[in-house]
Each structure stands twice: as structure tokens, then as C-alpha cells.
Amino acid sequence: MLIRRHFLAASTALVLAPSVRAFAAPASPPPATLAHRPILVTVFLRGGMDSLGVVAPVDDRDYVADRPPEMRLLADGDKPALRLDGGPSGLDFRMHPEMSALRELYQDKRVALVHASGLDNGTRSHFGAQELIERGIANPDETAHVSGGWMARWLAATGSGQQPAFATISGVPDELANHSNTICAADLRGGMNLPGGKQALSVLNHLYGNGSGPIELATRRTLAGIALIDGPLRQPDGKVMPYKPAGDATYGDTEIGRSLEAVARVIRMDVNVRAFAVDMGGWDTHENQPPRLANLVGQLSRALAAFHTDLHDQMDRIVLVVMSEFGRRLRSNKSNGTDHGHAGLTIVSAPRIAGGRIHGTWPGLSSDRLDNAVDLAMTTDVRSILAELMMGPLNTPDAANGVFPRFVPKKVGLLA
Amino acid sequence: MAFEVDPRTLLNKLAFGPSDAELHSIAKMGADGWLAQQLNPPVEDDCAQRIASTHIHLKYSSKTPEAEVDEDRSLAVLAEPIEQHWKVVEKGLAGQERTFFRTAVACATTIRTVHSRWQLREVLVDFWHNHFNVNAVGDNLIAVALPTYDNQVIRRHALGNFRELLEAVAKSAAMQIYLNNRSSRGGAANENYARELFELHTLGRPAYLNALYNRWRDVPGALEGRPQGYIDQDVYEAARAFTGWSIEDGTGIGAGRRLPMTGKFIYVENWHDNYQKRTLATEFDPYQSPLADGRRVLDLVADHPATARYVCEKLCRRLVSDTPDAAVVAAAVKVWTEQRRKPDQIARTVETIARSEAFRRSTGTKVKRPLELYASFARSAGIAVAPTPGLLGELDGSGQRLFGWGPPTGHPDENDYWLSSAMMRRRWSLLLGLADDAWKAGGPQAALAVAEKAKTEQAAGAAYRQMLGTEAPPKVTTAIVEGMGLKPGMAFDSRKDALPLARRMLAYCAMTPAFQTR
């Protein structure tokens, strides 16, 4: 109940006092302090989330006909799916029963969903689709004139091209490709120290104080990242300070839990990191999907809720977008799994969001409405969602054109 | 044509780095002789003895005390056939019995990469393990299948024929489990294996033309029977072709009967979709003989020109540089294609790459991956590796978790990926730990000679010569000496801490760009 009160308090404040929000200020001079600059957090669900197993119209005839009960959301039974108001087409849209925490955020209108959203390209390749979405393009040949990841371009367009970004994975994700100042750390619970301590630091500084080869540059960047992040993590005795999330939020000892906790921790440090890329793997459920999907959506939902509780006083400047490379096939296979599909589900949390609604046009599930007669059709390009967030709560209205050149975004209506 | 190449480049690219012994043998037999030997290794594992004498502690509790295990388990079990390993599944033993096999194969890998004479084979084993990635950490049933996959599939064919390798992979328990083909059934086939077969194992993503064409006949060349690439329709049909390819994992096959529990490949006719198919513009008649549909798909993809381009380009990226020039790729493609019915197709292709001008000029083009950094340090610094869980834990955290990469792509093979801040920290901690023998897996013998140098800068110079094979630039020795809080000209061998300092010097030399790249 405590968690729920938090959400209510924060969302009430949002409704009653929009004019005091930093983002409500006109575009002119930048906010007075760094502390109020908007922050972008993206969560990429790797492997292709089965959006039709996560949010779906349980009374849709084709949905019922095309999937056996164990592979779809149900209106009744032991574990009925959670009812969602604000769904399109007058259908009974519901959410996976393991996602009650996220559903609370939705009901509190702090989170919006965009169904049938995704990539404007027919690829069913994980790696092809991920790369296109992360680079913010629709076709591979666009890399000829659009370089790097879309988050990197956003940072550059906002004048933060030299500022550090933070990724909770070992290697720089494509979203941040070309943003050389990206700090990578999967987990901050053990700190982000320099192996070898002072002696190693001294030798490395002597060896790499200058020099412009890739190893030298990587060394200097890494030492700078360690200096920025590790210092604030430590107590006077040098030990890593245990992290105490606000509101007794529990992230969970899972990949997504550890990652979002690390993000929250860095946001709390207030070291001017404005872009965070988070990954969560395991969504490629070709086989034995029901228990695996239940596990994944539960972890995701709880970690997202913990993030909102923990950063309750910061959410007025945080834009969080959860996406995946594609959804999955409407019809399941005989391995009790689903194969690669097309459009998916995007989850958005942002200040002034028109939450508690499923946005976008619902294309329907009859075979003539499906993409290639088998997969959920795409009606909202994920770039339209991102562009709208740039024009709104990210307070970077001029950035969208530069971030997605040659793309004309369509209005999604995400902003209240 | 004489093969003239810097021995250190040769050993950095076609081996896990130079060792004193290997440099000596190249000096004796020449690069030509060395390469000829490496391309044709004996079947026997020259590390078998060393591996069998390695023990890893295995401990777990159980409700029944007699089932508890607390023992040092020899890695000799790796040589047993899969039905022997599968007994841990059949008997329902603790999960630790399953994960042990992944640990064991990873430990054997830390031995072979450092100590095997047949270094080129081990380089190709690493390449194919990534090309045909499975995740034995994410699924402990794959761990049980891993020893056989490593030995009988990947290592056995590493320098052999691609079509044979492809079929061995397709039938392996490890791949059958990882990409779910074992549960694929006619009627609504599981497409996981078929999709990655096209995209990652053979034709490659550049040949995936789905965004351009919706119907098979629209793909250029299709009506002549030579489609330039593939689309989803090819994936669907290939998935049908592989229904019935499975493993003996105890699954029920109707009428109360079950498959045996051995982990061996089996074809189950009842599960196969027997009707006609069309893959890559080729018609398959209905009711073919057992395995014929799947084999036909393997023939088609193995022979496709896109496969030659895709796999050869990847080999060049591994052995030459991130951006190999078109000439070396074209030369490799030519040999690959001409030799595709030969038992040593892969060896001939690798030889062509090794003898190219691009290879000769490729010194330092690649950032070492953590396994290469580990093995090359051990080889240069004279570590007799006796793997421990601590060493394996460090490697697992390095970004290159052996046999534990999640997506079917295998570990990235581009420099930038390995230079993130998380990776850099792990590179340094790996080197410092090896130098300090933090994981009790064997200390660097080369430190002894370094510790005997009279002066600090002489010691740093000796460490550099040992690790890099050339004289140290003065500013590097000064940086190491001063960075360590010492002064040039200071006495060294008389210090009590000369040996630990000497070990650190080896690690710092290994942090230089010249050692971090290959």
C-alpha cells in the first residue's frame, strides 16, 4: 500500500501543479540548474517481446481462435489477466497477470502504452531489427547518411555530445553508437573501481596521459568514468555504500532490477548523465513460453515500479521508454512458443504523459489485417513516439529533425 | 611462393600469441613449414594428459547423505561419449552435475589455448564456437551436451569441410536444444533453428531480402533456380524440412513409448512434415526418405554463393582485421568455393587468407578479446596453466563468457565492442590477477628473470622484451618505473619485493597498446 500511496501523491502533484514543472517552461533559456534537465532512459527488451502475450484484447475472436488458452491472456480462470481501461476499438484489453505493479502505474496514469508499434521494416531478424531501431532508421542503406545511434544523436543535438552517457551492459549498445563518452557498468553494487588501485592509476596515467590510438583513448575515457562514478559510491572507509532506495522500493535481484537500480543511483549522484541505456534479455520465447514470459514480465513490472517509487521526486524530469525489436507471431508453434513477428508494444513513462491509455491505432487480428497475413501490423513507428517525447517532456523540440532526418513523425497523442 | 611474415604477427593471428617455444620452432622450420603443420594437425588431443590430470572441485548437498558430493573431479570425463554424460540427466542428479560440464570444457579451453601445439586449430575452434554459438550457461542441459559439441563437432571439423561441419552442428544435442529444433513438430514448426541457420550460420544477414520481396518468385534469380538471397518463406519451409530431427531425450512418441535418454541424435518420422516444400526456389517432392528434406536444405545453403561470401568475410575479420580488403575476401571465397567438396576446405581457405598481402600487413589491427588476452599473457609470461574456478570466474566476468553468450550471434568481433569502460576495467583486472597469480592457476615464470635485473629500468625493459619481443621505448620503461613509485637507476634485484614488482611489470607491459592488440 505504501508504494501505491507514493504513486498517488506524485501523480496528484503532477495534475494539480503542472505550471511549476520545469518542462512547462517555454523553450527559451535552458533550465537554471543541471538538476532539472530532462533525463532519457531506454529499456531494450532483447529477443522480441511477445506483445500479444503481454497486452491483448481477450475478447477478440481471432485472438481466441488463433492461440490455445495457455498461450494467451484470459478474461477469467485461476489467473485472469488484468483489465486495462482506455483500450482502443471498444475491446477488452488486458495485461499479463504478473504485471500488477505496472498496471498500477498505468491506472495512476503515469504510464502509457502504444500497441502495434515498432519498426517500419519487414525484417524478422533479431539483429537486423535491433540495429535499425537502435540507429533510428528504417533501412540499412540509411547508414550512409545517418551515423551512430539515435540516443547518441539526441545527446549531440541537445549540446550534450561530450557529456557522459551510461549503459548497464558490458559493451556500448547501438543506441549510443558514436557517443564515445559512454560509461558501461552492468551493476554498481560492487562499485566501479580501478583494478590495481593507486599504483595502476599512476602507471596508466604515465603510459596514456596522451596518445590518440584506440587503446589510449579507451583508457582515458575509462579512467574518467571511474573517477566520475566510483567516488560518489564510496564511504569514507573506501567501502561501497549500500544503496537504499526511497520508499522501500524493491528492484529485485534480476538483470533488469540491478540495471534500473544502477540507473537510479547515477541519477541520484547528479553528475549530469542525461542518457541511460538499459538491456533486458531472454524474450526470444520460441519454446515453453508461458512460464518464461510470466517470469520476465513479472521482473520487468516490479523493477519498473521500484524505479518509479525510488525516484518519486525525480520523475518530473525522467522520460522512460521500454521497447523491443519486434512482437511475435499471432499463432503459436507446437513447441508452446511463438516465432518472430512484427509490431510490438512500447511502454512510456514521462511527465505530462497521457497515461492510462493504449495509444495508437489497433489494426485488428483477422488475417487480412495482419502483416504478411501472420503478424500484428505496425501502425505507429517507434520513431514517432520518440520524436513526440523530444518535442514534449524531453524539452528538445529542435532535436527530433536532426535525430531522425528524412523521417516525418506522425502524431501519437502521448502528451496530456 | 615463399611465405614471408613477421613470426609475431603469425602467432598473434593464427595462434593465441607468441611463446618462446613457438618462436623457436618458426625460426627453425620457417613460417611455411609452421603453417603447413598447423593446417594439418593430428586428430589426437596433445593436451589430453594435461586435461585429464586437472581436477575441479565439485560439492553439493542432497537430502540423502549418500548422494552428497564433495570431491575433486577429473576433467578426463570430457573424453567420454554423450550417452555417458547424459546419465546425469537420466538419473536426475543435482544441477551442479550438469553445470560441471560447462566448467570442465571452459577449463580445458584455458589449457588448450595456452598449451596446445595445434594453435591454429584452437583459433578455429574459438571461431566456430562463436559462429555456431550455444549458451551452456543459460541452460544446463546444453552444458551436458557441451563436451561432445566441443570435441566431436567443433574441434573435429574446425579445419575440415563446412558442409560436414554444418550437418554435425544441426544434429548435435547442443544446437538441437539451444535453437529448439528438438521440439519442432510438423503442423506448426518451430522456426528458431531454420532462421538462424540462414541468418547466422550460412547465407548471412546481407542475403536476407525480406524487406524487398514478399514472394519467393520475386527474389532475383529465383525463377532460374538461383535466388540471390532468402526471405521468410524460405525460413518457414526450411523449418518444416527439419521437423523430426531431434535427440534422444526421453520425450514421449505416442502409444506409451518414449525415446531413450542418451542425448544422441534421432530422426522421428512421426514428427516430420512430409508434404512438398520449396526452399531457395528449389522444389522438394512430398514423402522423401528419412532426413532427406533437412539434408537437402543443408546442401542448398552450404552451396549458396552468399554463404561463401558471408563465412569467408567473417574468417577474414577474425584473422586479418575488422575491415578486411575486398581482395583477400575474394581470394578466400574462390578457394572456399572450389574446395567445397574437399575434406580440408576450411584449411585451404585459411591458408589462402594467411598467405595474403592483407594478412602480412595486419599487425596490431585487432583488439584482443579477453580469451586472447588471457592466453597470450600466459604464453608470453610462461604460465603453466592449472585452471581454477577463480580464473574461470574472472574470464566469465570479462565480457567473453566461454560457451555462455546469450544470443546466437556469438561474441562480437569488432574492436570497439571490447574497449568500453566495463571491458577495459576487466582487461586490467585479468592481467593484474594473472601476474599476481590471484587465482592460484599458475604464476608467470618470466618474472624470475625480471626480478634479477640490477636496476629498475632494466627490469622494466626486460619485462617489455619478454612480453613484446622488442626493445622497450624509453618513455614506456620510464612510465612504468615512475608510475610504480620507483626511480630510474634505483637498485632492483636487492629489493625484498623485487619478485612481486617484477610480476606487476609484466602486467603493465601487457597493458600497452602493442600487447592489447594482435
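Guide: Welcome! Let me start with a definition: two strands pair if DSSP finds at least two bridges between them. Helices (H or I, at least four residues) and strands (E, at least two) are DSSP runs, numbered from the N terminus. This is a predicted model, in which local features need pLDDT of at least 70 and side-chain atom pairs count only at pLDDT 80 or more, while totals for chains, interfaces and linings use all residues. Residues are numbered from 1 along each chain as its sequence is written, and chains are lettered from A and ligands numbered from 1 in the order in which they are written.

Visitor: Which strand pairs with β1(A) over seven bridges, and in which sense?

Guide: Strands of a sheet pair through backbone hydrogen bonds, either parallel or antiparallel. Here, β1(A) is joined by seven bridges to β9 (residues 318–324) of chain A, in the parallel sense. One place to look is A:Leu40, which stands opposite A:Val319 of β9(A). β1(A) also runs parallel to β8(A), with six bridges between them. In that pairing, A:Leu45 has A:Met280 of β8(A) as its bridge partner.

Visitor: How many residues of β1(A) are buried?

Guide: A residue is buried if 20 or more other C-beta atoms lie within 10 Å of its own, exposed if 12 or fewer, and partly exposed in between, with C-beta atoms placed from the backbone. In β1(A), seven of the seven residues are buried, so this strand is largely enclosed by the rest of the structure. A:Ile39, A:Val41, A:Val43 and A:Leu45 point one way, A:Leu40, A:Thr42 and A:Phe44 point the other way, and all are buried.

Visitor: In what order do the three strands of the open sheet in chain A come?

Guide: The order is β2-β4-β3 in chain A, and the pairing is antiparallel. β2 (55–57) and β3 (82–83) of chain A are the edge strands, each pairing on one side only. Three bridges connect β2(A) with β4 (residues 93–95) of chain A. Across that pairing, A:Pro57 faces A:Phe93 of β4(A).

Visitor: Now to the helices. How many residues of α6 of chain A are buried?

Guide: Six of the eight residues of α6 (residues 150–157) of chain A are buried, and the helix is mostly covered. They are A:Trp150, A:Met151, A:Ala152, A:Arg153, A:Trp154 and A:Leu155. These buried residues pack against several elements of chain A, including β1 (39–45), α5 (126–135) and β8 (275–280). After α6(A) comes A:Gly159, with a positive phi near 80°.

Visitor: Where is the kink in α8(A) centred?

Guide: The bend at a residue is the angle between axes fitted to the seven residues ending there and the seven starting there. In α8(A), a kink of about 25° is centred on A:Ala227. The buried residues of α8(A) include A:Ile215, A:Ala218, A:Thr222 and A:Ile226. Their cover comes from both chains: it includes β7 (182–184), α7 (197–208) and α9 (255–269) of chain A, together with α20 and α25 of chain B.

Visitor: How many residues of chain B are in contact with chain A?

Guide: Two residues are in contact if their C-beta atoms, placed from the backbone, lie within 7 Å. By that rule, 48 residues of chain B touch 46 residues of chain A. On the chain B side, α11 (192–201), α20 (421–436), α23 (474–483) and α25 (513–516) each supply at least two residues. α20(B) gives the most, with eight residues.

Visitor: What does chain B look like as a whole?

Guide: Chain B has 25 helices and eight strands. Its C-alpha trace spans about 85 × 65 × 40 Å along the principal axes. Of the 518 residues in chain B, 53% are buried.
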